[in-house]
Amino acid sequence: MKIFIKLANVFALVIAALSTSTVANAAEDILIGYHGPMTGPASWVGLGGRDGALLALEEINAAGGVHGRMIKMISYDDGAKPSEAEAVAKKMISSDKVFAILGGGVSAVAIVVGNEAARGKTPYVNGSGASPKIMDIKSRWVFSGATIDVRDIAESEAAFIGEALDVKNVAIMSATDEFSQVLASTVTTLIKDRYNIDLLTRETYNPGDTDFSAQWIKIRKSNPDLILMFGLYVEAARAIRQARELGIKTLIKGDTSMMNNGLLTIAGPAAEGLIATYIPAYFNGDPSPPMVEFEARYKAKYPSYPEDRPNYVDVFNYGTMYALAEGLKRAGPDATQKDLVLALETIEEWNATDGWAGAVNVIQPLSFNQSHNGNRRMSHFRVVNGAFAKITDFVEPVPSTKFPANETLDW
Amino acid sequence: MIDVIPQLIVSGIAAGSLYALVGIGLVLIYKATEIVNFAQGESVTVGAYIGWLFITEAHLPYLPAILAVIVCSALFGLIVERVAYRPLIKSPPFTVILATLAVGIMVKNIIRLIWQDTPRGISGSISATPMEIWGVYITPERIAIMLVLAVVVGILAVFFRYAKLGKAMRATAQSQDAAALMGISVSGIFSVSWAMGSALGGLAGILIAPIVGINTELGVVLIPGFVAAIVGGFSSIPGAVVGGITIGILENFAGVFVSSTFKQVISFIVLIVVLMIKPSGLFGKPIRKMV
């Protein structure tokens, strides 16, 4: 008889454990998992995303949390390596039993974590990865927050290059990471098909590289009308500086990563004239009241951080964490993880300040009511007198990419 | 494409000068101690961070900051040698080599704990505006690095030829036992070697910082510096210089005439070829040990 009682106890414990993995216990904190590169060449992505999210969490919890429960975040360094990200995702889902995951990783890693989250039926809100393969997971559990899909970035880039810049040919200098390679290929195809702009040469570099002279000498020889750069800002800043050292005066058009004051610090005067694409509503150094307020709060929480922080990933995940909290609020006090997904799918043209009086509205309005791709607005900036100045309004690209409707995604 | 060859060579020398500085640091330590210092890349990182501190916190101008970095990096080398390597002086070289790996990892992570991996930047006082000479572009900043390399090689040549300490270091490199019998403090020579190697790494760090920014990954220049030292013979300072500049130039030629991907592997191909044809390196002498 005793053995049956013991078995019944074990069974009850198992049921309890399973229950807590899918149903938020009203008495406990809500645990959110976070991943991003916190070491290595892409560390500024993961650190920024983490710090932005933590600032939002502090504000959310100070305002009473969600339905009286505090949100806690457990952070993991994925090193921007898919193999490490897979282990981290499995740990968050199976061992930590997080209620949802917030992504601060680069594209290659966000794809892996997205797939693991879909398999583990854990809501995943990607905050900074942009690869099409993230949305192509086509899972009800995978969302893309304040960031923007590469296909939309490419549409916007191509329209700007073809319509705002008078160029007949381009050269490409891109990093070898997933995001840069996919974006470079997509933009090349679009500008050729729509505007008959030729690609003269395409050169690559690795994350962490410090010398780019061979690539630039080849590009200089091809004499392009425009140089397109795709890659994270640290290497891009080094490369831009070296391009000017080698006498290259051609206009350089950078991607979304390069809209970063850190680029100006490293590249210095060589960055003058650079055009970069940008996504969040506000940018570092913006004199508008929301960004001034955001920077003041950020500097108060992180007083020792350098001048180029917060950067756009801080902004992305500050807003995306609020979106996650909004989903938790809409899901109700005894929500399951599935309830959270359904609640997030009700978000439409939502600003971070909607329902959160203490928030600062620094990201674009998010919508998950039609597809899981939350944002598609972007703009272009140019470096003028050592600072970024807006040259186009934030608009959705035309045509916009067709993302699958929510009801067609797999549970 | 023939017309870009002069630019490839000049830019290759500029990049290779930095590899050579890192390589010389490795050679200095190896010559005296027979230890390959895998933490030499972190000496570069430490030098860059020390320079950043002097310039941004102490508001020191760039050139005095270079001198301060050399001194502080030498002190850093001395301390690390006393704390991490001196206790292992009787251990097999392999143990100490592993210790250098551990020190490198520790140093990088201590920096991360203090300042995280967020990149920093400093501006050097030497102009980065390019000059054009017969179609070849070069900046005063890059010329300065080449000149620094030349000055370092010159100082080291004089030091090892004429200075008493330099002669003692050469004697120790030839035979530690014989040097000890002649009254030379071998452990003292070890300390000086680590200090000099670390100072050279720090110098490379402060020189490269205005050009590429500062983060904990600056130590990646260890790899081309390491290849430069091996190609040169690992015990020869002129060898490290020739090795570094050769690698710099070959990387450029490979990048332009083959592909930018091939640029990343050419130094390792050269390394394998040199080791197959002349295992002691271009300037090294075969060592025969009695067993």
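How many bridges pair β6(A) with strand β8 (residues 226–230) of chain A, and in which sense do the two run? There are 5 bridges, and the pairing is parallel. Here, helices (H or I, at least four residues) and strands (E, at least two) are DSSP runs numbered from the N terminus, and two strands pair if DSSP finds at least two bridges between them.

A quick word on the ground rules. This is a predicted model, where local features need pLDDT of at least 70 and side-chain atom pairs count only at pLDDT 80 or more, while totals for chains, interfaces and linings use all residues. Residues are numbered from 1 along each chain as its sequence is written, and chains are lettered from A and ligands numbered from 1 in the order in which they are written.

**Chain A overall**

- Chain A holds 13 helices and 12 strands.
- Its radius of gyration (taken over C-alpha atoms) is 22 Å, which agrees with the value near 22 Å for a compact globule of 411 residues; the globule rule is 2.2 Å times the number of residues to the power 0.38.
- The C-alpha trace of chain A spans about 85 × 40 × 35 Å along its principal axes.
- Of the 411 residues in chain A, 57% count as buried. Buried is the label if 20 or more other C-beta atoms lie within 10 Å of a residue's own, exposed if 12 or fewer, and partly exposed in between, with C-beta atoms placed from the backbone.
- Among contacts in chain A with a separation of 6 or more, 70% come from residues 24 or more positions apart. Two residues are in contact if their C-beta atoms, placed from the backbone, lie within 7 Å.

**The five-stranded sheet of chain A**

- Five strands form an open sheet in the order β2-β1-β3-β4-β5 (chain A), with parallel pairing.
- At the edges sit β2 (71–77) and β5 (142–144) of chain A, each pairing on one side only.
- From one strand to the next, the twist averages 20 degrees. For angles, axes are lines fitted to C-alpha atoms (for helices, over the stretch in contact), and values run from 0 to 180 degrees between N-to-C directions.
- Strand β1 (residues 30–36) of chain A runs parallel to strand β3 (residues 100–103) of chain A, with 4 bridges joining them. Opposite H35(A) you'll find G103(A) in β3(A).
- Helix α2 (residues 43–62) of chain A lies across β1, β2 and β3 of chain A, at about 170 degrees to β2(A).
- Helix α4 (residues 107–120) of chain A lies across β1, β3, β4 (124–126) and β5 of chain A, at about 165 degrees to β4(A).

**L324(A), a buried residue**

- L324(A) is part of helix α12 (residues 312–331) of chain A.
- L324(A) counts as buried because it has 31 C-beta neighbours inside 10 Å.
- Leaving out residues up to four places away in sequence, L324(A) touches I32(A), A100(A), L102(A) and V125(A).

**Around β6 of chain A**

- Strand β6 (residues 169–175) of chain A has 6 of its 7 residues buried, so it is largely enclosed by the rest of the structure.
- With strand β7 (residues 198–205) of chain A, β6(A) pairs in the parallel sense over 7 bridges. S174(A) stands opposite T204(A) in β7(A).
- Over in β8(A), M229(A) is the bridge partner of M173(A).
- D225(A) sits in the loop between α8 (213–222) and β8 of chain A.
- D225(A) is partly exposed because 17 other C-beta atoms lie within 10 Å.
- Apart from neighbours within four places in sequence, D225(A) is in contact with V167(A), K168(A), N169(A) and V170(A).

**Chain B and the interface**

- Chain B has 11 helices and 2 strands, in the sequence pattern α-α-α-α-β-β-α-α-α-α-α-α-α.
- The radius of gyration of chain B is 19 Å, close to the 19 Å from the globule rule for 291 residues, so chain B is as compact as a globular protein of that length.
- Of the 291 residues of chain B, 52% count as buried.
- The contact takes 34 residues from chain B and 34 residues from chain A. On the chain B side, the elements that give two or more residues are α1 (5–33), α8 (186–212), α10 (237–257) and α11 (260–277) of chain B.
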